[in-house]
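Student: I would like a close look at one side chain, and then at what surrounds the topic.

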Amino acid sequence: MYRRPLLRTAYEQDAAILPTYFQKVAMALLILATILAALGAPVLSAIPSWFLGATWLNPVTNMITLGIAALGFTILVGVTGQVSIGHAFFMGVGAYFAVALGGSGDGIRECVPFHDNIGLVDQAGVCGLGLPMWIWLPAAGVSAALVGMLVSPAAVRVRGLYLAIATIGLVFIGLHLGRMLPEYAGDFESGRTWPELQIRFWKEENPIIDMASDGTWFGLIHLSEEQKQFFFLIALFILFAIAAKNIIRSRTGRALQAIRDRDIAAEVMGVPEQKYKRIGFAISSFYAGIGGALFASYNGRVAPVQWSLFLSVDFIAILLIGGAGTIAGTILGTIFVELTPEVVKRFTEWLGDQVAGEGIVAALANVMLTEGSGDFGPISLTPASPGWPMSVFLWNFVIFGVLIVVFMIFEPLGLFGIWIRIRNYWKGWPFSY
Amino acid sequence: MDVTTFIQTLVKAVALGAVYVMMGLGFVIIFKGTQVLNFAASALSMAGAMFMSILISDRGLPFLPFGNPIAGPEGETPSIGVWLGNLIFTLIIAAILGLVVERLTIRPMIGQPLFAMAVITLGIEFAIRPFNIDATALEGRSLGVPWGAEAWTWADALIPKSYVAATIMALIAGAVVFFFYRSRFGVAMRAVAFDQEAAMAQGINVGRVFAIAWALGVALAALAGIAYGMAPFPPGGSVSQEIHPVLAFRVLPVIVLGGLDSVIGVIYGGVMIALAEVFAGQYLSQYNSVLGSGYSTIVPYLVMLIVLVVRPYGLFGTPEIRRV
């Protein structure tokens, strides 16, 4: 009986962030392994080149920024049950507020929309005030939350698929705003540069903590640029994940879950439906804004076209593949969804190097790729070549789509559901229940 | 406002409305029959247009030992009869594609929540779209429209033949849907839309209703994709890599405005949205510097958001009866 996963003897146990002993140990080991791997521990960071290879830190850090936004998506869709496909729009809102406040620009007059049309300045410029990160990062979240509140009067009235379609509308309106307001968004195709991840007190020359160049932190440890950004972002991610978990297990979270399970019943029980839906939207948009700002800042340069429907669908895939409504599921889903394309890319590159060799791998490479003997392989290594065979870039979308379909049909609870099944199997082992 | 511009704008709006109505009917037939909002409509519609292009321009697939027998004489623009023959052939292939998609992905999910079904179609969209994008090449594929970009002149106004053709296609599609709807089968479909279990208990073959709804829905989406590919429409007589992949997403405001499950609502919604889009594009163009180029494409979404605030189930949609 002792340590059975679902045996709760106190309410505190039920509400704990990590309820079981096993989860506490596993989480501690995971964090320790991550830190050691990022520091370059010989065993842990020796990732084979057909998987992610030596440069794994880059895609993983990128994944973390999207993971923060995915936490918000889980709160809105998984916990509150409001299906939104407009998450990319809120990410964009946060990112552009961040770049307007923190980016390098021409001055404050350029921040007025259409300044060149109304004759405020002679020629069109870019808005950017160059403020430090402790202003632009929270501002990104708050502004996105405010925009979320702004659209929520429309959003709380519609439900189900109508809400999903309405939020698709937001994405397209956002893309148009990106084209319409170059003073914030920069050029529509190439975008503009985001502020770097540097902690300054005000606009002084040397940042207090510099994450954009190699250096020694706190006089103790020498870190490369990538390692610094990784540690900073994963610390933020853990912070936001704990915050999300706390929201879910608090009074607000219980109200949100009541609305998800049955909105009228929740209202009958005294949960103000509209108010809590609005709160759900605001929290989710806050996370989206922070995630968007960090994503753009980490990537350095983002074009308005990137805040598109594809990005929103990424989050739906994260939610479904990870398992709806749980933080652990969100983390699993983010890792799976955001790293799969990278793994596929690295794997095909690795296959391309193996064509000349012998054995099973070379044979597989010959079958899969167009290079080598027999040009019938479905995968082309040349990027963006129209016509059959398709490039790896396009195959990634096919794999992504097929994964969503397969997961929905065979494992509606996602990776989290698989974990629950494994746990339940071992829980009663050797008996079946 | 001069009369010529007004007539041309009106004709353009009606033709665009016709495309919207065809695509919207495809959405609504599938939604009524199977309770699935088909987010894969873009990819399926573009795949249909691709089939047409393969049949008429490539004269069949290169790796098949035989070509397309009804492609007409080689090296010249197909005659109208040949083109229409191939159009019908394409619609049959598109319907078969719909049957396959339904059988593989929708049938195992009967009884699952609406959202799960909608997300499956999003997955299908992602799985099919790359093949479309890859096969269109960079400059698009010709649809071999016999009348090209020709136009009639009436009272100084140019009336492109393609616009008239799109309108006629929509009328025929609407008539087919109307008679289908009134037939024994359409009644069965409405019964299934009302309550799947009760319909089953009355002896209706629900699986067959699902299959036919998807076949018809995908064929209508393909028809809309082909109609939008005709010359004065932006893709310019070909399957376009930029425009066709998002065509169905532009139709979402139409079905929301009409109500997801209303056939008559799609017709009103399609015409209203097209009128708003085209007239805003024509008569507000002096504000282009403020509104941004291409602002007319977001007019439908703005109309949709306003309508949703006032009427959460569209103009003709059935309000969901909510019980505790």
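Student: Is B:Arg129 buried or exposed, and what is its relative accessible area?

Tutor: The model is a predicted one, so every value below is computed from predicted atoms. Begin with the partner of the arginine. B:Arg129 forms a salt bridge with B:Glu125, the N to O distance between their side chains being 2.8 Å. Both residues sit in helix 4 of chain B, which covers residues 114-136, and because they are four residues apart there, about one helical turn separates them. Now the exposure. The limit for calling a residue buried is under 20% relative accessible area. B:Glu125 has 1%, so it is buried. B:Arg129 has 11%, so it is buried as well. Elsewhere, in chain A, salt bridges with shared partners tie A:Glu342, A:Lys345 and A:Arg346 into one network.

Other charged pairs can be read in the same way. In chain B, the side chains of B:Glu102 and B:Arg107 form a salt bridge at 2.7 Å, N to O. B:Glu102 is buried, with a relative accessible area of 1%, whereas B:Arg107, at 21%, is partly exposed. In chain A, A:Arg421 and A:Glu411 form a salt bridge at 3.0 Å, N to O. This pair links distant parts of the chain: A:Arg421 belongs to helix 16 (residues 414-427), while A:Glu411 is in the loop between helix 15 and helix 16, ten residues apart from it. A:Arg421 is exposed, with a relative accessible area of 54%, but A:Glu411 counts as buried at 10%. Over all chains, the search finds nine salt bridges.

How many of these lie between chain B and chain A? The count there is zero. The two chains do make contact, with 53 residues from chain B and 48 residues from chain A taking part. About 4500 Å² is buried between them, and carbon and sulfur atoms give 79% of that area. B:Phe126, B:Asp134 and B:Arg322 supply 16% of what chain B buries against chain A, more than any other three residues.

B:Met23, in helix 1 (residues 3-34) of chain B, counts as buried at 1% relative accessibility. Its contacts beyond four places in sequence are B:Ser45, B:Ala221, B:Ala224, B:Leu247, B:Ala248 and B:Val251. A:Ser284 of chain A, in helix 11 (residues 273-299), is likewise buried at 1%. A:Ser284 touches A:Gly72, A:Leu76 and A:His87, again leaving aside residues up to four places away.

Among the residues lining the largest cavity are A:Ile321, A:Phe336, A:Asn396 and A:Leu403. The elements that give two or more residues to this lining are helix 13 (327-354) and helix 15 (392-410) of chain A. By class, the lining has seven nonpolar, two polar and no charged residues.

Terms used:
Residues are numbered from 1 along each chain as its sequence is written. Chains are lettered from A and ligands numbered from 1 in the order in which they are written. This is a predicted model: local features need pLDDT of at least 70, side-chain atom pairs count only at pLDDT 80 or more; totals for chains, interfaces and linings use all residues. Side-chain values use heavy atoms; hydrogens and water are left out. Buried means under 20% relative accessible area, exposed over 50%, partly exposed in between (1.4 Å probe, protein chains only). Contact means heavy atoms within 4.5 Å. On a 1 Å grid over the protein atoms alone, a cavity is a set of points where a 1.4 Å probe fits but cannot get out, and a pocket is an open set with protein on both sides within 12 Å along at least five of seven lines; lining residues have an atom within 4 Å of a point. Ala, Val, Leu, Ile, Met, Phe, Trp, Tyr, Cys and Pro count as nonpolar, Asp, Glu, Lys and Arg as charged, and the others, Gly among them, as polar. Buried area is the accessible area (1.4 Å probe) that two parts lose on being put together, summed over both. A salt bridge is a side-chain nitrogen of Lys or Arg within 4 Å of a carboxyl oxygen of Asp or Glu.
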